[in-house]
Amino acid sequence: MREQLLQIFEESYRELRPRAPIPELIVQFFAFANINNTIRLREGKLLVRLSDLLEGAPDTVLHAIAHILLAKMYRKPISREYSTRYRRYVASHDIVRKAHLVRQMRGRKRIESPEGRTYNLEEIFDDLNTRFFFGLLARPQMTWSRVHARNSLGHYDPAHNAIVVSRVFDDPRVPRYAVEYIVYHEMLHLKHPVKLRGSRRCVHSGEFQAEEKLFPQLEEARKFLKHLS
Ligand SMILES: [Zn+2]
């Protein structure tokens, strides 16, 4: 199995970088708390960790995730064919159900909870991570705010590596896409970190804004949230 996995990564590497020598590859399955895949270059070696939820995936799916990770590593465009294939597989019921079970088993106890009365922030994060980020973002702590703060929708707290969403939105009258939009916005802050000395971090680069426009219900969500405040 491991040999085969290495072969898949080597083939993907060749497709992306036909001329460059292949660095030493270490590919492992890893028990993340959610569907998560990481790639790092360390001392000339490529270290890949795949979610163990992908352990039984067909070769074609592993090839797709290999392409996505390597393209990300070497800043190459991600082929649509591969991204669709990966997304479809992960969205299949089996994987979603398995991920949910694993989350329940591996989830740590916290004082503040991602589980609200209406929405579970971890579930929303994982879903968005799969739909928009190929499952590549490591999930920070997700919590509803303690107070019903209306002045702040949500924020990313780098000191605690936490995304905090105002509890006002944990309400059946709030459409899911509005909560998704707030979380998606904070996920973009995770993806596009900004070095800032102050405690607040809300800088929206052109790249950030372009990516924000990929959220399908952007207009509706903004309208809804504006109406509320
Ligand atoms: Zn912001």
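## Ground rules

Because the model is predicted, local features need pLDDT of at least 70 and side-chain atom pairs count only at pLDDT 80 or more, while totals for chains, interfaces and linings use all residues. Numbering starts from 1 along each chain as its sequence is written, and side-chain values use heavy atoms, with hydrogens and water left out.

## Overall fold

The protein has 8 helices and 6 strands (DSSP runs numbered from the N terminus: H or I of at least four residues for helices, E of at least two for strands). Their order along the sequence is α-β-β-β-α-α-α-α-β-β-β-α-α-α.

Of the 229 residues, 47% are buried (under 20% relative accessible area with a 1.4 Å probe, protein chains only).

## A hairpin to look at

Strands β5 (residues 154-157) and β6 (residues 162-165) pair in the antiparallel sense over 4 bridges; pairing requires at least two bridges found by DSSP. H155 stands opposite V164 in β6. The hairpin has 4 residues between its strands, and N161 in the turn shows a positive phi of about 45 degrees.

## The largest pocket

The largest pocket has a volume of about 640 Å³. Here a pocket is an open set of points on a 1 Å grid over the protein atoms alone, where a 1.4 Å probe fits, with protein on both sides within 12 Å along at least five of seven lines; lining residues have an atom within 4 Å of a point. The volume is the space filled by probe spheres set on the points, which are joined across faces, edges and corners.

Among the 20 lining residues, K72, I78, L136, K191 and E211 are the closest to the centre of the largest pocket. Helices α2 (59-73), α3 (80-91), α5 (121-133) and α6 (176-191) each supply at least two residues of the lining.

Note on methods. Buried means under 20% relative accessible area, exposed over 50%, partly exposed in between (1.4 Å probe, protein chains only).
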